[in-house]
Amino acid sequence: MPVDHARMGDRLLGFADDMDARAAADVAAAPGPELHLLTFALDREEFGIPVTQVREVIRVSEITRVPQAPAHVRGVANLRGRILAVVELRSRLGLAPAELTPRARVVVVEVRGRVLGLLVDAVSQVTKVPQASVVPAPEEVLSGEADYVTGVARWQSRLIILLDLEKALAPTE
Amino acid sequence: MSEDENPFGELLQDYVLECLPLAEQVADAFVELERRWRAGDAADEVLASLPGRLHTVKGNSAMMGLAPMREVAHALEDACGLLRQRPERRDDAAAGLLVAGGGLLVELVRQASPDLDPAPAERYVERVRQWLSSDVAPASDTQPERRRTERRGGGEGGAGGDKAASVVRVDFRRLDAMLEVLGEGLIQHATLAEAYRGLARLTGASEELDRLDQAVVALQKTLKRLESTLMETRLLPISTVFGRFPRMVRDTAEAEGKRVRLVQGGGETPLDKAVLDRLSEPLVHLVTNAIVHGMEPGDVRRRAGKPEEGTVRLEAAPQAGRVVIRVSDDGRGLDERAIRKKAEALGQDGRNEESIPLRNLIFLPGLSTAERVSTLAGRGVGLDVVAGAIHALGGTIDVETAVGRGTAFTLSLPVTLAIVRSLIVEIDQERYALPLAHVAETVRAEPEAIRQINQRGVTQWRGDLIHVADGGAVLGTGGERPAPRRFYVVMAAAGKRRGLLVDRLVGHQDVVVKGLDPELGRPDVVSGTTILGDGRVACILDTVRILEGGRRAG
């Protein structure tokens, strides 16, 4: 069954706004196990992926279109002699497309041995958040195959949507 | 020269660089033939070395739209073909004809220009035609076959035991990984060279800059050497595939109740392992066909004055960066009339013998599975499958046949799949690599020469109407109203031909083939990706799939 990414995106953002409002009241939590996240901006929200999956962050260089590739694929780029498929994370997650700004970056990730580029609006920073600040995403934003949100970290008045890249990207053959 | 001329200019230069040495070798060989024939020497091996070179010159000339060279090379090919089979015609007149043709070919290639006077070539082709038509078939022509020394292919794998101590076994995947790293090195070099040029523009000449320049140039040479060494490491002798055939031929012949002898040659010819792995099946197919359908039963052969024992030949030879494999038999040959009739029934215009060569019909899918043809003509089972496998390897397949004398399939394959000689074109601001093996010609697109029939572009090409598709429409990159494009590339494979309109011809390049990430889905028209000299990524177009694309594409 095809996943309605656009509708998913709206619901995700609505949920995030709601969480944002509630998170504003939070105070710093006690130390405990921490998650190291690379966070980046997409649309109005902040997303996070484990730094262990990130190989590097590069500027957007020339990206070559690939005829007949899926809509969420921006194209392929040359990463020091390697061909890097670049995924437009916005369209993959069902968010509205946007013009690239100079702040746009390609996050090079390695997921199950595959190296891919994720095109994001801007990269924020590497953040440590306590494991305890992560709450599961509510049922209503998780539907069928689109369950690539593993949870939401509320930390120091920020709200970081945690992505499961293995699920967000195409399955390996 | 206007900007429009430039792409052709560059390509012409490539053409001369590649073809002039070949033409000169051919001309030299003709002189040697004359000398040795006068001395009573058949010089079979000299004659045998010629068709490949001529074929390359012919193909490259055709691709550039240089008709005089194409025609002369073609005529010489025909003449050599006849001389290989008819030693009794190797006389002074024949030698004189060849020497004249060789000289003409060198002269034409050297001048390489689209505006050449076609008259000398036309006169020469007519001369060859008359010489060919004065041929009278002798009663038996098995003589040259006997005289040729038979080299044994295969088998040499076990030799060189004393070298064993210095041999290391390496997992092929590690060689792939090395090639990958080398590719990165080549691109980094390109980046370095670009940075040097930028620096030179900024700062002007200096001693330090000169040294940097020298280092960059030296690095390129080193990387190129590394590349060729690495490519050699990946190659295995074709005997690794040929090795299975003696047994297979014996078994198949026995099952058919026929006596068949296998002659192998060129087993030492090196080929990339990735090509070898995918070559075995089509070869088995061709050899099986030759025995089962090509060979007449022993009594029929005897009545026809042929030796009862049939001969199947499996020969390989390196040729201008490619490997040519020939599978031939001395069987009954293809029944051309039956094939044309069948092709007509399939809706193909099979009548016009001049314009549609047999090879364009025999590899048609419907035709090759047709029971009737395979019994009538003695051949034709699954040849479309064979052709498909060869094309997928970036190769070509051709057939020659003579009724009662036999059939020969000639396969031309790239030595490696890792590097593909390509024509780089530009469509809608993106660059694409088109494997040269399937490029027949590049043509300037004159607007008035391309007509619209049923909203599809059609043009006259070598006397035939072919479909010319818009590159942007095929790739899905074009806008609502595609801008007029300046060139079209005629692609040809498996008897299909189609023009592809492109904006610019950029040049020739040996591209290192890289795969497609699963994230990219399975695009129909793209077979892989590569990195061009300037560091840009380009998609390699799947010419065979585009040719098969039928009505959908464009």
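## Helix packing and chain contact in a predicted model

In chain B, helix 11 (residues 245–256) and helix 12 (residues 273–294) have axes that come within 10 Å and cross at roughly 35°. Axes are lines fitted to C-alpha atoms, for helices over the stretch in contact, and angles run from 0 to 180 degrees between N-to-C directions. Helices (H or I, at least four residues) and strands (E, at least two) are DSSP runs, numbered from the N terminus. Helix 11 of chain B contributes B:Phe245, B:Met248, B:Val249, B:Thr252, B:Ala253 and B:Glu256 to the contact. Helix 12 of chain B answers with B:Val284, B:Val287, B:Thr288, B:Ile291 and B:Val292. Residues are in contact if their C-beta atoms, placed from the backbone, lie within 7 Å.

This is a predicted model: local features need pLDDT of at least 70, side-chain atom pairs count only at pLDDT 80 or more, and totals for chains, interfaces and linings use all residues. Residues are numbered from 1 along each chain as its sequence is written, while chains are lettered from A and ligands numbered from 1 in the order in which they are written.

The contact between the chains takes 25 residues from chain B and 23 residues from chain A. On chain B, helix 8 gives the largest share of this side, 4 residues.

The model scores ipTM 0.75 and pTM 0.58.

| Stretch of chain B | pLDDT | Contacts beyond near neighbours in sequence |
|---|---|---|
| residues 139–163 | below 50 | 32 contacts |
| residues 369–380 | below 50 | 31 contacts |

Note on methods: Contact = placed C-beta atoms within 7 Å. pLDDT = per-residue confidence, 0-100.
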